[in-house]
Amino acid sequence: RSSDRLDSEAPAEVTWSVVGRCLRHGPCEPVRFSATLPRLSILVPAALYVRAMLGERRGSTRQVLPEGIEDRAPSAELAFHLESIEDTDLNGYELVLYIQAIRRLLAHFQAKAYHAIVELAHTPPCDPDDPPDRTEVPDEFIPDELSAALRLTNKASHMHLDLAFALARLPAVWEALHSGRIDIARTKVICDETVELDDDAAREMADWILGPAPELTTSQIGRR
């Protein structure tokens with residue numbers, strides 16, 4: 001066992017020798033320290049020990065969010081900026097904007113995933129190098145394929161398929177999810193509330209609710 005790592009069985013003097021070395025020479029490799037529960041090890045950077053011993057307050061270095069992040073549509077650029085941000089360096093106001101931006105990006109990729117599920121349902125059996133052919137009728141075995149690919153129960157697989165095809169029927173709802181205007185919870189309520197309607201009536205109802213939907217809770221959407 002390397003002396004640069006500590007666990008619940010390591011002697012206390014090893015702990016202090018590693019911390020002391022980090023104090024003298026700067027950040028070093030992550031180390032393990034003993035938790036309150038027996039034989040429980042938690043991996044943490046040794047730099048955290050150093051910061052604590054030097055009296056540096058957690059979150060004392062403030063990081064500034066990109067300008068206008070609250071209005072940015074989901075994109076690769078937004079994902080890049082969010083990935084580079086440490087939430088421990090944001091104040092409370094900025095954390096709200098940060099979380100909202102993450103949720104918009106999450107909604108964007110969920111929309112893409114459900115669109116891909118519909119595409120998958122219309123693909124014939126193929127090999128890795130085959131062209132992207134499509135079938136007119138969905139594959140009856142696609143629930144099984146989705147279950148195997150995503151490690152889902154049969155019930156969960158059918159729920160995802162139902163939502164995917166509901167979004168295909170309601171393109172305006174899919175676009176609202178894709179743009180991050182609504183999240184997946186609001187999307188499910190709109191789809192559930194229109195499931196008994198024919199296509200035209202369902203789209204009309206969806207268009208009517210999508211206007212205020214970003215400002216409403218799921219309960220408020222359901223009551224309308």
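A nonpolar core is a set of buried Ala, Val, Leu, Ile, Met, Phe, Trp, Tyr and Cys residues joined through side-chain atoms within 4.5 Å. In this predicted model, the largest such core has 30 residues. Those with the most contacts inside this core are Tyr-114, Leu-167, Val-173, Leu-177, Ile-182, Ile-190 and Ile-221. At least two residues of the core are supplied by each of helix 4, helix 5 (142-150), helix 6, helix 7 (171-178), helix 8 (184-193) and helix 9 (199-210). Helix 4 gives the largest share, six residues.

Apart from neighbours within four places in sequence, Val-173 is in contact with Leu-167, Ile-182, Thr-187, Ile-190, Ala-206 and Leu-210. There is also a second, separate core, which has 10 residues, including Leu-65, Ile-69, Ile-85 and Leu-90. In soluble globular proteins, nonpolar side chains tend to be buried together.

Two packed helices are described by the angle between their axes and the distance between the axes. The table gives these values for two pairs.

| Helix pair | Angle | Axis distance |
|---|---|---|
| Helix 4 (residues 92-121) and helix 6 (residues 154-169) | about 100° | 8 Å |
| Helix 6 and helix 8 | roughly 75° | within 10 Å |

Angles of 65 to 115 degrees count as roughly perpendicular. Helix 4 is therefore roughly perpendicular to helix 6. On the side of helix 4, the contact is made by Tyr-114, Ile-117, Val-118 and Ala-121. Helix 6 contributes His-160, Leu-161, Leu-163, Ala-164, Phe-165, Leu-167 and Ala-168. By class, this contact of helix 4 with helix 6 has 10 nonpolar residues, one polar residue and no charged residues.

Helix 6 is likewise roughly perpendicular to helix 8. Here Leu-163, Ala-166 and Leu-167 of helix 6 meet Ile-184, Thr-187, Lys-188 and Cys-191 of helix 8. The contact of helix 6 with helix 8 has five nonpolar, one polar and one charged residues.

His-122 lies in the loop between helix 4 and helix 5. Is His-122 buried or exposed? Buried means under 20% relative accessible area, and His-122 has 17%, so His-122 is buried. The side chain of His-122 reaches the backbone oxygen of Val-118 at 3.0 Å. Not counting residues up to four places away in sequence, His-122 touches Asp-133, Arg-134, Thr-135, Glu-136, Val-137, Pro-138 and Phe-165.

Conventions: Residues numbered from 1 in each chain as written. Predicted model: local features only at pLDDT ≥ 70, side-chain atom pairs only at ≥ 80, totals over all residues. Heavy atoms only, no water. Axes fitted to C-alpha atoms, helices over the stretch in contact; angles between N-to-C directions. Helix = DSSP H or I, 4+ residues; strand = E, 2+ residues; numbered from the N terminus. Parallel < 35°, antiparallel > 145°, perpendicular 65-115°, else oblique. Contact = heavy atoms within 4.5 Å. Nonpolar A, V, L, I, M, F, W, Y, C, P; charged D, E, K, R; others polar. Buried < 20%, exposed > 50% of the residue type's maximum accessible area, 1.4 Å probe, protein only. Polar contact = N/O pair within 3.5 Å; in protein donor to acceptor, adjacent residues only side chain to side chain.
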